[in-house]
Every structure is written in C-alpha cells, then in structure tokens.
Amino acid sequence: MSSNGTGYSQNPDYESCRSLINSYFYQITMGCGTVYCTNRNCFACPDGPRLDPTSAALLAVKLAQSPTHYLCAGAAITVPQSIQWVEIPANADVVPLRRILAPALEQSNVQAQVELAAVLKRVLSDPDSLSWSFLRGGRPCRATEESSGIDFEAVEAAYAALMRPQQAIAMINGRGELTDGQIGDVVAGAFEDLFRGAVLPALAR
C-alpha cells in the first residue's frame, strides 16, 4: 500500500493476489461448473476438497502462492448471489433464507422485511442466481445423469414457508417508496420478471 496523505490506495499486485485467492476459494467451495472435472483442487471433482470455509480459505491462499497453476479453465467465474434453505454461514453471495425469514415475520422488524423482499425479487427474477439456489448442502454438487444437484425437498420447504405468512411486510416499490405487500406477491412478481426476461427476447428474434 502507498499513502497519498488522505488515505491508502491498493497496490495493483495486492488486488491481483486477492482476485486469485478469491478465484481459488470459489473453485474449492463451489466448483468450476465442469461436470467431469479432474482437478483435485476443485469442488466439482469427485475427489476434490470438501472443506469448511476457514480451511478452504487457507488452501486458497496456499494455492495462490504456489508457482504451479491449479485453476480450472472456468474457475474465475463470478458467482451470483443465491438463496439457500440449509443453515450455512452467511456471506455476500449466499443468503440463508430460513434465517432471514424468521425476523422478517416480526411485525416491528421493518428492516428485515425490506431485506427479505429485496433478496427475493433480486434472486428469483435472475436466471443465473436462481440456478445457483436451493442446492444440496447449500453449495453446488457434481451434476450427473441421475442428479441435477438441486435439493427438491429444500425447494418445497422454502416455497411452503414463503407462501404461508398472511401478514403484510414492508418493501420498497419500483418508485423507491416504502410500501407493504404479501410475500407471495413478491415471489409471483419476481417470477413474472424472470419469465418476461426469458420470453420477450426470444420473441424478438
């Protein structure tokens, strides 16, 4: 880092190293997306690592420092935000739905309600985010001819929980105004946006 008198600016080498570590971390914990990956340092490989986040981070740092290249061809992908039903450590990319749903159902917790509505609209309306959601163990599994990696019991439990509440929750509408509505309406609106995004471009071709 170098000081400029008003603060600190990141060294380009630092940014490059951090990006490499992040790529390794995603490869170790999420996989590269290749069904038949043979890289033993990739989650998508049948013999790949199955580590907790701390151990995965340590391995990512170790691999980033190695002079040997261990990244898969598709490892440096940007993993979109996803919704998972299982209890896993929360971070910017993974939203533990069961954990944020409970406080949102408290009538006085407006902040939690707005957060829930925003996450549902953002993830359920985006095909990439949705494809990373509701996976076995909360993380991508190796897809096979017999299994897609989707936890269908988690999908059923999550949508049942979302459709059950009857009270209105706070949310931000399209004009940026605080309003209220049903969780089911948020889910339905997100799927409407998802289908509109998929169908209209196809019709225009």
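## Starting at Phe134

Phe134 sits in the loop between helix H5 (127–131) and H6; helices (H or I, at least four residues) and strands (E, at least two) are DSSP runs, numbered from the N terminus. At 5% relative accessibility, Phe134 counts as buried, where buried means under 20% relative accessible area, exposed over 50%, and partly exposed in between (1.4 Å probe, protein chains only). Phe134 is not a glycine, yet its phi is positive, at about 55 degrees.

Before we go on, a word about the model. It is a predicted one, in which local features need pLDDT of at least 70 and side-chain atom pairs count only at pLDDT 80 or more, while totals for chains, interfaces and linings use all residues. Residues are numbered from 1 along each chain as its sequence is written, and side-chain values use heavy atoms, with hydrogens and water left out.

## The chain as a whole

Let's step back for the overview. The protein chain has seven helices and six strands. Read from the N terminus on, its elements follow the order β-β-α-α-β-β-α-α-α-α-β-β-α.

Of the chain's 205 residues, 36% count as buried. Take the contacts (heavy atoms within 4.5 Å) between residues at least 6 apart in sequence: 53% of them join residues at least 24 apart.

Now look at helix H3 (residues 97–104) and helix H4 (residues 110–124), whose axes come within 8 Å and cross at roughly 140 degrees. Axes here are lines fitted to C-alpha atoms, for helices over the stretch in contact, and angles run from 0 to 180 degrees between N-to-C directions. H3 and H4 are therefore oblique to each other: angles under 35 degrees count as roughly parallel, over 145 as roughly antiparallel, 65 to 115 as roughly perpendicular, and the rest as oblique.

Which residues in H3 and H4 meet? From H3 come Leu97, Ile100, Leu101, Pro103 and Ala104, and from H4 come Ala112, Gln113, Glu115, Leu116 and Leu120. The residues of this contact divide into eight nonpolar, one polar and one charged. Here Ala, Val, Leu, Ile, Met, Phe, Trp, Tyr, Cys and Pro count as nonpolar, Asp, Glu, Lys and Arg as charged, and the others, Gly among them, as polar.

## The nonpolar cores

A nonpolar core is a set of buried Ala, Val, Leu, Ile, Met, Phe, Trp, Tyr and Cys residues joined through side-chain atoms within 4.5 Å. The largest one has 28 residues, and Leu97, Leu116 and Leu120 have the most contacts inside it. Two or more residues each come from H3, H4, helix H6 (152–163), strand E5 (169–172) and helix H7 (183–204). H4 gives the most, with seven residues.

Is Asn41 buried or exposed? At 17% relative accessibility, Asn41 counts as buried, and its place is the loop between helix H1 (12–29) and H2.

Tyr70 belongs to the loop between helix H2 (53–65) and strand E3 (82–84), and with 28% relative accessibility Tyr70 counts as partly exposed. Not counting residues up to four places away in sequence, Tyr70 touches Tyr24, Gln27, Asn39, Asn41 and Leu63. Tyr70 and Asn39 are 31 residues apart in sequence, and 7.7 Å apart in space, C-alpha to C-alpha.
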